[in-house]
Amino acid sequence: MAVMYKSTRNDKDKITASQAILKGLSDDGGLFVPDNIPALDVDFETLSKMSYQQVAYEVMSRMLTDFTEDELKHCINSAYDSKFDTDVIAPLVKKAGADYLELFHGSTIAFKDMALSILPYLLVTSAKKNNVKNEIVILTATSGDTGKAALAGFADVPGTKIIVFYPKNGVSPIQEKQMVTQKGDNTSVIGIIGNFDDAQTGVKNMFNDKELAGVMDEKGYQFSSANSINIGRLVPQMVYYVYAYSRMVANGEIKAGDKINVVVPTGNFGNILAAYYAKEMGLPVAKFICASNENKVLYDFFETGVYDRNREFILTSSPSMDILISSNLERLIYRIAGDSAEKDVELMTALSTTGKYEISADMKGKLSEFYGNYASEKETADTIKRVYDAEGYIMDTHTAVAATVYEKYKEATGDTTPTVIASTASPYKFTRSVMEAIDSAYASKSDFELVDELNKLSKVKIPQAIEDIRSAKVLHDTVCDKTEMEAQVRRILGL
Ligand SMILES: *Cc1c(COP(=O)(O)O)cnc(C)c1O
């Protein structure tokens, strides 16, 4: 059966998967959601013998039904290749009472690679299928990791340009260095004076600007999005939850059909939503454990049913989760409102005018599979040190937020269900925070000295992504105010 996509803010129009990937965001400001999620009619015994690429085909072919088998296999095999430093693509590592699903073995060493290494192929294929003649301009706001992963994915891809905005003072030094050294004639990277939410709002406003779209079309351009609002990112993210489960079946930790929990360090709510969609496809998940840092807007939401972004924006050691407007939550809101575009519009209008909304008791009742909690900066650092001391395993700050929240969950519930923790970044990407958590004496060392120290402690090979930036030249140095984002886009495209 075909899966069609419709906006969370409009029940009427339905478009194909490839059209939804091209558009990114609906014209009415809503996000595209599948009109049904087909059952994954392959048993887990069979899946447990498949490679990552084969599992990816099984999952993605159920969701992207207007792609042919050849098209989809071409996209999958082009994305999940030797860009990853391990054949298994996403290793499952058992440490300290949980299964860490390491999603950082791609070219930019954060989990964004899982989706952004395939998105360019999905997008170019979608453009061909729909006879798009315009050049596609990928416009992206990033809290650090999406930007680099998108730049790496789209650099020098014919028929595309990519423009990335990041908060100038809101990303780690290594994240910034990775972005501003990006090669590729079609790439632009701009720091803004503002935070991630400002960058994301600026990008959303440009997407919704009909006048700008008209001017672009005249010049042969159209926007698309590489942010996690694009279903071309969400669908590839469903894959690794199914894959992780199938590896647990393969290694005898669970039997096919047993339930697992998943813990996800959450920012924009994309990664955890992909797990939720995987459950709708048939993955046996008991609890979705949503882990936040001190920007704990989601924890408060799960506790009270009130989403309230009116609060101080805190810069933490897990910057990719420093977010107060979790865009993908809208897809869950739509679902728990009984797929009601009307209710969704009501709540999202409240969010954009007053900065908050409250869901009904009935909607809140549908969130019982979710558990939310958060980790303070100190708790996050303590977890890194505790797990290193006990196991010699060094995790990054985002993963440590998840591991901390998982401990809180176990303490609160006594639940011993086998649990997968999404490990979203390499510790090498957040070296300073990680090393200072292990020993404050590291504070006096330079970033690249710390890289070498981390290598000594962890005995994990220094990733190529880090070696590459040691000596790379800065190629992008534009900084603008958050109000000047559109002017920058017009300058870059010559509009
Ligand atoms: C993006 C990111 C997250 C948050 O993921 P969402 O899908 O936005 O919830 C967590 N950790 C790292 C390292 C990230 O890059």
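Axes here are lines fitted to C-alpha atoms, for helices over the stretch in contact, and angles run from 0 to 180 degrees between N-to-C directions. The model is predicted.

**Stop 1: H17 and H18**

Select residues 377-391, helix H17, and residues 397-413, helix H18. Their axes lie 8 Å apart, at an angle of about 95°. Angles of 65 to 115 degrees count as roughly perpendicular, so H17 is roughly perpendicular to H18.

Now show the side chains. H17 brings Glu379, Thr380, Thr383, Ile384 and Arg386 to the contact. H18 brings Thr397, Ala400, Val401, Ala403, Thr404, Glu407 and Lys408. By class, the residues of this contact divide into four nonpolar, four polar and four charged.

**Stop 2: H9 and H22**

Next, select residues 196-207 for H9 and residues 485-493 for H22. These two helices pack at about 60°, with axes 10 Å apart. That angle makes H9 oblique to H22. The crossing of H9 past H22 is right-handed.

Which residues of H9 and H22 make the contact? From H9, pick Asp198, Ala199, Gly202, Val203 and Met206. From H22, pick Met485, Glu486 and Val489. Five residues in this contact of H9 with H22 are nonpolar, one is polar and two are charged.

**Stop 3: the ligand**

- Lys112: a polar side-chain atom sits 2.5 Å from a ligand oxygen atom.
- Asp145: a polar side-chain atom is 2.5 Å from an oxygen atom of the ligand.

Note on methods
Residues numbered from 1 in each chain as written. Predicted model: local features only at pLDDT ≥ 70, side-chain atom pairs only at ≥ 80, totals over all residues. Heavy atoms only, no water. Helix = DSSP H or I, 4+ residues; strand = E, 2+ residues; numbered from the N terminus. Parallel < 35°, antiparallel > 145°, perpendicular 65-115°, else oblique. Left-handed = near helix turned anticlockwise from the far one by under 90°. Contact = heavy atoms within 4.5 Å. Nonpolar A, V, L, I, M, F, W, Y, C, P; charged D, E, K, R; others polar. Polar contact = N/O pair within 3.5 Å; in protein donor to acceptor, adjacent residues only side chain to side chain.
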